[in-house]
Amino acid sequence: MIFQFFQTVVLGIKSLMVQKLRAGLAALGIFIGTATVIWLVAMGEGVSFRAQQQILELGARNIIVRTKQPNEGEQDAANRVKTYGLLRADYRRIVENIPNISRAIPMRELRFELRLGDRTADAKLVGCVEDYLALNRLEMARGRWLSSRDRGKKVVVLASDTARRLFPFENPIGRTIWVGAEFYTVIGQTRDRTASAAIGGSLDSRDYNLDAYIPLKTLRQRVGDLVMKRVGGGQGFNFIGEDVELSQITVEVENIEEVDETAQIIETLLKKYHEKEDYAVVVPRELLRQAERTRTMFNVLLVVIAGISLLVGGIGIMNIMLATVTERTREIGIRRALGATRTDIISQFLIETVVLTASGGLLGVLFGLSVGPIFETLKRAVLTFSPESLPPIVQTLEPRIAPWSVVLSLAISLGVGVLFGVYPARKAAFLDPIEALRHE
Amino acid sequence: MSVEDQIAFRVEDLCRSYFLKGETVHALKGVSFDVLAGEYIAIMGPSGSGKSTLLNVLGCLDRPTSGRYILAGDDVATLNDYQLSRIRGQRIGFVFQSYNLLQQLNVLENIKVPLQYQGLVGSEADVLCQHLAERVGLGNRLYHRPTELSGGQQQRVAIARSLVNDPYFILADEATGNLDSKTTDEVLDLFETLNNDGKTIIMITHEDEVAARSKRVIRLRDGLIESDTRN
């Protein structure tokens with residue numbers, strides 16, 4: 001039985017080899033369709049994988065409460081100093097009122113100039129607490145991170161780029177630098193950390209390498225909440241001020257199931273004390289779910305597109321097989337005279353069609369599986385000739401092959417073979433043997 | 001052995017009519033004869049005599065409109081397409097005027113085709129086919145394609161193919177029609193040898209020289225048997 005099937009397959013290959021170019025062109029449609037499914041899905045998966053990684057880095061158990069510049073009302077526009085954002089009181093209220101959180105990490109960040117002699121670094125000064133290191137997966141390159149004993153002290157931990165600008169050649173540990181108008185002692189330096197991309201409209205991208213970390217308490221005592229900025233040109237200087245107490249509070253919930261509920265409670269709590277909407281509550285877990293939904297939709301779309309191309313390929317196959325049946329009418333007659341039943345003829349032509357689509361499909365899968373190296377080569381070639389032509393998302397994109405897409409595309413290509421092979425095969429089987437034998 | 005045991009097949013009052021352009025054409029109008037095992041029969045007749053129709057019915061490619069065609073106890077008129085296919089494959093060996101070999105297969109594979117439809121495959125089948133190829137004198141051409149053979153050689157492949165299922169009878173349709181006189185003689189010699197070995201042969205022909213080599217001649221005219229003579 002198996003041997004017989006094998007023989008029919010061999011016969012199918014032989015018959016197809018009679019018209020190599022024709023069979024090749026017919027299989028090409030399936031090849032392209034199959035490869036398209038795998039390629040498109042791999043690209044989509046690559047994009048969404050990166051997004052998911054970033055969201056996961058934010059922590060699935062975390063709720064991020066961020067200060068947001070509110071939409072300006074008319075009176076606000078007249079004010080030189082804008083007061084908005086999260087308050088230390090908000091932090092206290094969250095910690096005191098919400099029982100199921102394991103920790104809450106406040107943070108304040110602002111642009112600030114660091115100086116050492118004639119070297120300057122326009123860094124992001126981050127006032128933070130000890131947990132900040134672990135929360136953002138920062139690692140120390142040398143020295144040590146802030147500890148609880150540093151609270152209120154004038155110590156600073158530099159990020160990699162900041163350190164490079166101020167100390168291109170020396171070891172910064174133990175040295176003092178100017179932070180604004182005061183001396184701070186450098187106690188540590190963090191490793192390079194890849195920037196996180198923006199996630200939807202909820203979170204901006206964040207580059208960690210130009211940071212300088214000081215204790216939150218020190219920031220409050222030495223720098224204060226009010227920061228003046230010089231803006232515009234024209235005659236004289238214009239100053240505007242921003243009075244912000246905290247930039248962000250990251251809340252970690254004990255139980256992952258309670259994240260959504262807790263986020264709701266925090267939002268209700270904050271609403272009570274904020275007239276304007278000068279804060280945003282971001283739930284990475286919700287973002288993750290959104291990303292998951294987007295991914296699913298995207299995948300469905302891709303599969304539909306690829307399915308259409310496979311359908312077109314299938315129609316090509318059917319066309320070829322109908323021509324084949326007509327051409328081989330006499331062969332069909334001979335086989336019928338020699339004892340072939342209708343079922344025999346159907347299986348012969350059906351297997352031939354499936355061999356055709358399956359070989360196209362298999363080659364398509366092989367080509368699809370090589371998406372990584374091929375895409376990399378293409379990308380490098382394009383980047384060599386015109387480095388600016390690719391958007392960053394494409395430059396950093398790494399296709400990820402989804403196993404299900406391989407299985408699916410192969411199954412579809414076989415299915416197309418059966419689906420579009422049945423009609424020609426039945427047509428062959430129901431030819432009148434006498435007529436078929438007489439056919440020239 | 002009684003006569004019944006020796007009968008290869010029997011046709012009784014066989015009729016076959018077609019509807020062509022609203023007209024009923026009676027191709028066979030009641031043909032009856034018995035064929036005993038081991039006979040060598042030539043069926044002759046001018047065109048339009050019902051020769052081809054009789055061939056199609058005897059070959060189980062067609063069913064009679066009325067009458068009976070008893071082949072090894074089965075009445076062909078009552079069988080369905082599947083059963084007819086099985087009978088063609090097991091009990092009848094076809095030899096055609098234009099050889100009808102499959103071009104994409106070699107000699108050995110062509111001989112093997114009827115076996116495949118009986119589910120007989122494997123090394124035994126190979127041995128049998130090789131043996132038959134040798135028997136028709138093509139032992140040294142096993143792996144040639146039909147296009148690489150002469151007409152006579154192709155017809156001998158077809159004869160080997162018709163023997164492979166050990167059929168009840170060989171049905172040859174103008175088997176020498178495309179051959180020159182020398183190869184015709186060779187092929188007829190082969191048929192004679194087979195007949196001497198006990199094979200039943202039904203030969204449809206319009207050539208007297210071919211019919212002369214058979215042992216019994218049935219002449220058809222207008223869908224009826226005109227004469228049935230033994231040489």
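How many Å apart do the C-alpha centres of domain 1 of chain A and domain 2 of chain A lie?

Modeller: They lie 55 Å apart. This is a predicted model, where local features need pLDDT of at least 70, side-chain atom pairs count only at pLDDT 80 or more, and totals for chains, interfaces and linings use all residues. Residues are numbered from 1 along each chain as written, chains are lettered from A and ligands numbered from 1 in written order, and side-chain values use heavy atoms, without hydrogens or water.

Domain 1 of chain A takes in 2–55 and 290–438, and domain 2 covers 69–277. Those bounds come from an automatic or database domain assignment.

Next, confidence. pLDDT is the predictor's confidence in each residue, from 0 to 100. Chain A averages 85, with 94% of its residues at 70 or more. Where pLDDT is low, the predicted coordinates should not be read in detail.

Now the contact with chain B. Here 25 residues of chain A touch 27 of chain B (heavy atoms within 4.5 Å). Together the chains bury about 2300 Å², 57% of it on carbon and sulfur atoms; this is accessible area (1.4 Å probe) lost on being put together, summed over both parts. The interface holds 3 salt bridges (a side-chain nitrogen of Lys or Arg within 4 Å of a carboxyl oxygen of Asp or Glu). Asp81(B) and Arg336(A) form a salt bridge, N to O at 2.8 Å. On the side of chain A that touches chain B, α1 (2–18), α10 (329–337), α11 (342–369) and α15 (433–438) each give two or more residues. α1(A) gives the most, with 7 residues. Helices here are DSSP runs of H or I, at least four residues; strands are E runs, at least two, and numbering starts at the N terminus.

Over all chains, the salt-bridge count is 48. Arg103(A) and Glu252(A) make a salt bridge at 3.4 Å, N to O.

How values were computed: Buried area = accessible area lost by both parts, 1.4 Å probe.
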